[in-house]
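Dear colleague,

I am passing on a structure that I would like you to look through, with some notes on what turned up in it. Please read them with the model open beside you.

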Amino acid sequence: MTTICVDDPEQDVKQPAHEDTDYTFEKVPSKAKKGFFAMFFIMLGFTFFSASMSVGAKLGNGLNLTDFIWAVVLGGIFLAVYTGLLSYIGADSGLSFDLLCRHAFGTKGSYLPSLFIGLTQIGWFGVGAAMFAIPAAELLGISPWILVAIAGVCMTASAYFGIKGMEIISYISVPLIAVLGIYSMVLATTQGGGLTAIFAKSAGSMNLLTGVSLVIGSFISGGTATPNFSRFAKTKKIAVVTTVIAFFIGNTLMFSFGAVGGAFSGKDDIFYVMIAQGLTVPALIVLGANIWTTNDNALYTGALGLSNLTKIRKRPLVLVAGAIGTVSAIWLYNNFVSWLSFLNATLPPIGAILILDYFMHRDRYAEESGLKTVNLGAVLGILAGALVGNFVPFGIASINAMLTAIVFYFIFNRR
């Protein structure tokens, strides 16, 4: 058995004396752990995202009702298993995504996944801020930059205060989104003559495999960061149960809101669907709250990635990342989505390798000492998986990428 890696002479991170409530460089202690309902709302808020509703609208405009249900169920099962495993690892180890990467990829090798997830999540933060500001500014007749600035400051603030800030936002936003979204969906169903009639209006342009691929691809990149949040769960059971249920309920609701409204109106954005239904104020609330609950998670994750690269603790980097995302939000929205999609294909292979390495070498995650600098097979797995995920034209991109990463891990990183 051989390992292609070298020892790291400077792997210990110097830490200041004050307590870091984000536990940027250390395991989350028992006193900071949270119970079922706090974790449930945090994870639900994580999955409540307007982009998922847009994917749902595409599904509603392309699939009949039966295929839509199968796409959501099959894709949801895959996402639930993937995020459930990562959630277990986070709760069991108490370590963040980036600290787990130090074990799986090496202390210097972890810079690659931290860079990828940092760029991706900060990029999506900017895109999310613009997703709120541009349509809301159009409706209100003001400059989108005003709303970008307001959204950027608010979302950065909740991420700055860490898991507690995200918990508070989720407690407020999740019920609002659920109630207003369900009302919009019921209204569309009633006006459209029932679900079967609504879906029959536009079905036929998409096959089931494409639908499943869209469901998986909608949140697998964000789901890779699940350990950043599940590490705060009091027990592994709480972490896994809340994550699995949240991904099933949260994603299913988002897809359903978008699909029913999209199939009913032919539009691919829930905001415009609700406007067409005469729900102007609820539309603004749902759009803003929906993006906020995911954007603060994205910024939190992006800042932790930057912390691994710079060895600076999370809080000041949240401000830096938030400023970058806010200033570049409209440019990101107009120009960066294809690049973000490319980066998104690199995250599922990282998650696959983390899961594999953790369960194969679980005992090594208990200590920070003795880590390697670079685990070549794991790093090559990211790169090969990203290439396959982006350029192989058949199958489901994220699954193709994950399987490729696992093969490279076994070939080059036996230990």
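In which helix do E167 and K164 both lie, and how many residues apart are they? Both of them belong to helix 7, and the spacing is 3 residues, about one turn of the helix. Please bear in mind throughout that this is a predicted model.

**Salt bridges**

The side chains of E167 and K164 meet in a salt bridge, at 3.9 Å from N to O, and K164 is partly exposed, with a relative accessible area of 46%. E167 also forms a salt bridge with K34, where the closest N and O atoms are 2.9 Å apart. This second pair links distant parts of the chain, since E167 sits in helix 7 (residues 162–192) whereas K34 is in the segment before helix 1, 133 residues away.

A search of the whole structure finds 7 salt bridges. One of these joins E26 to R313, with 3.2 Å between the closest N and O atoms. Here too distant parts of the chain are linked, with E26 in the segment before helix 1 (36–47) and R313 in the loop between helix 13 and helix 14 (314–327), 287 residues apart. Both E26 and R313 are buried.

**The nonpolar core**

The largest nonpolar core has 114 residues, and those with the most contacts inside it are L59, F68, F105, F229, I350 and L354. Helix 5 (residues 111–140) gives the most to this core, contributing 13 residues. If neighbours within four places in sequence are left aside, I350 is in contact with F97, C101, F105, P113 and I382. In soluble globular proteins, nonpolar side chains tend to be buried together.

**Helix 6 against helix 7**

How do the axes of these two helices cross, and how close do they come? The axes of helix 6 (residues 144–160) and helix 7 come within 6 Å and cross at roughly 125 degrees. Because that angle falls between the range that counts as roughly perpendicular, 65 to 115 degrees, and the roughly antiparallel range, over 145, the two helices are described as oblique to each other. On the helix 6 side the contact involves S158, A159 and Y160, which meet G162, G165, M166 and I169 in helix 7. By class, this contact has 4 nonpolar, 3 polar and no charged residues.

**Two single residues**

Is N308 buried or exposed? At 4% relative accessibility, N308 counts as buried, and its place is in helix 13 (residues 280–310). Not counting residues up to four places away in sequence, N308 touches D98, R102, S110, Y111 and S114.

R364, by contrast, is partly exposed, with a relative accessible area of 42%, and is found in the loop between helix 17 (347–360) and helix 18 (376–391). The C-alpha atoms of R364 and T24 are separated by 19 Å, although the two residues are 340 apart along the chain.

With best regards

Key
Residues numbered from 1 in each chain as written. Predicted model: local features only at pLDDT ≥ 70, side-chain atom pairs only at ≥ 80, totals over all residues. Heavy atoms only, no water. Helix = DSSP H or I, 4+ residues; strand = E, 2+ residues; numbered from the N terminus. Buried < 20%, exposed > 50% of the residue type's maximum accessible area, 1.4 Å probe, protein only. Contact = heavy atoms within 4.5 Å. Salt bridge = Lys/Arg side-chain N within 4 Å of Asp/Glu carboxyl O. Core = buried A, V, L, I, M, F, W, Y, C linked by side-chain atoms within 4.5 Å. Axes fitted to C-alpha atoms, helices over the stretch in contact; angles between N-to-C directions. Parallel < 35°, antiparallel > 145°, perpendicular 65-115°, else oblique. Nonpolar A, V, L, I, M, F, W, Y, C, P; charged D, E, K, R; others polar.
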